[in-house]
Amino acid sequence: MSGRETMGPTGRSPIEVAVASRSDVGLVRAGNEDSLLAAPPVFVVADGMGGHDAGEVASAIVVEEFGTLAGRATVGVPQLAEALERAGDRIRALSAGHHGAGYRGAGTTVAAAAISEVDGSAYWIVLNLGDSRVYRAGADVFEQVSVDHSFVQELLDRGEIDEATARVHPQRHVITRALGAGSDPDPDFWLIPAEAGDRLLVCSDGLSGEVPDDRIEQVLREAVDVESACADLLEQALDAGARDNVSLIVVEALAVRCGDPAAEDTAPRGAHRSEDTAPRMHDTAPRVRVQQAGDR
């Protein structure tokens, strides 16, 4: 699934993007509990969990709620937080309702990227809850923007294990935050200046758990287009065993409009915008980390 987006009903997007996505059941699981949404200005991967079809239903609810934002030129942190809250309310109601026995324990991770505009400049908003991830490959940076909400990440943060141990740790799939599943949602938000040539990857741990970061970076930088990047990353996850469902979205900034609506940055992939300024945040109740280009 792929496409190119330049216009929404509310006006011209500050970031012209090309998008491709894939979702695969993998080689071990009987069903696919992942759901994804690749509909500018929002790009979401939700990895469901729970007995029976509870995870599939929970992740589908997330996509439905974020889907109400599709087609806009931009979206802000408050709108993303509200969509997440609506999805959480529905998942909790599902678990408590007359089908509660079947859906008890329903929950899902959520990883998302979105197109935003603050004080006339184009930004990516990144949202994370759980261990699905958002990566960014820019001019001189490759980074995992999101931070896993997982037991293993806590061990890493405390210096008790290293990255090599984390990849094979027996509790690497134990998450500490989720939407539903009895968890109190506490999402992280990041606000990152957008640059022409940026490539973002939003994915479930079915990809990141199988394909190492250095290979992810290589594919994002070398693939001729987003469709090829998606196909290559999925193939590598399958070649590695695909023990979980694999879902991913690759988004590329083809052009970025900066400040003056007539001005566009259409530099080749990897080129910098000449100037970045920290935005003034308006009505953003959730905690938001404002990141300058190149910050680690």
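Which side chain makes a polar contact with the side chain of E252? The partner is R199, and the two side chains meet at 3.0 Å. This contact belongs to a predicted model.

**The protein as a whole**

The protein has 296 residues, and 52% of them are buried. It contains eight helices and 14 strands.

**Confidence**

The average pLDDT of the protein is 83. A score of at least 70 is reached by 72% of the residues.

E252 sits in strand β12, which covers residues 246-257. Is E252 buried or exposed? Its relative accessibility is 9%, so E252 counts as buried. The cut-off for buried is under 20%. The side chain of this buried residue is the one in polar contact with R199.

P193 belongs to another element, strand β10, made of residues 188-193. P193 is buried because its relative accessible area is 0%. Which distance separates P193 from E117 in space? Their C-alpha atoms lie 9.4 Å apart. Along the sequence, 76 residues separate the pair.

| Residue | Strand | Relative accessible area |
|---|---|---|
| E252 | β12 (residues 246-257) | 9% |
| P193 | β10 (residues 188-193) | 0% |

**A pair of helices**

Now to the helices. Helix α1 spans residues 54-67, and helix α2 spans residues 77-96. Their axes come within 9 Å. They cross at roughly 145°. Is the crossing right-handed or left-handed? The crossing of α1 and α2 is right-handed.

Which residues make the contact? From α1 come V57, A58, I61, V62, E64, E65 and F66. From α2 come L80, A83, L84, R86, A87, R90, I91 and L94. By type, the residues of this contact include 11 nonpolar and four charged, with no polar ones. Among the charged residues are E64 and E65 of α1, and R86 and R90 of α2.

Note on methods: Residues are numbered from 1 along each chain as its sequence is written. This is a predicted model: local features need pLDDT of at least 70, side-chain atom pairs count only at pLDDT 80 or more; totals for chains, interfaces and linings use all residues. Side-chain values use heavy atoms; hydrogens and water are left out. Helices (H or I, at least four residues) and strands (E, at least two) are DSSP runs, numbered from the N terminus. Buried means under 20% relative accessible area, exposed over 50%, partly exposed in between (1.4 Å probe, protein chains only). A polar contact is a pair of N or O atoms within 3.5 Å; within protein, one must be able to donate a hydrogen and the other to accept it, and residues adjacent in sequence count only if both atoms are side-chain atoms. Axes are lines fitted to C-alpha atoms, for helices over the stretch in contact, and angles run from 0 to 180 degrees between N-to-C directions. A crossing is left-handed if the near helix is turned anticlockwise from the far one by less than a right angle, and right-handed if clockwise. Contact means heavy atoms within 4.5 Å. pLDDT is the predictor's confidence in each residue, from 0 to 100.
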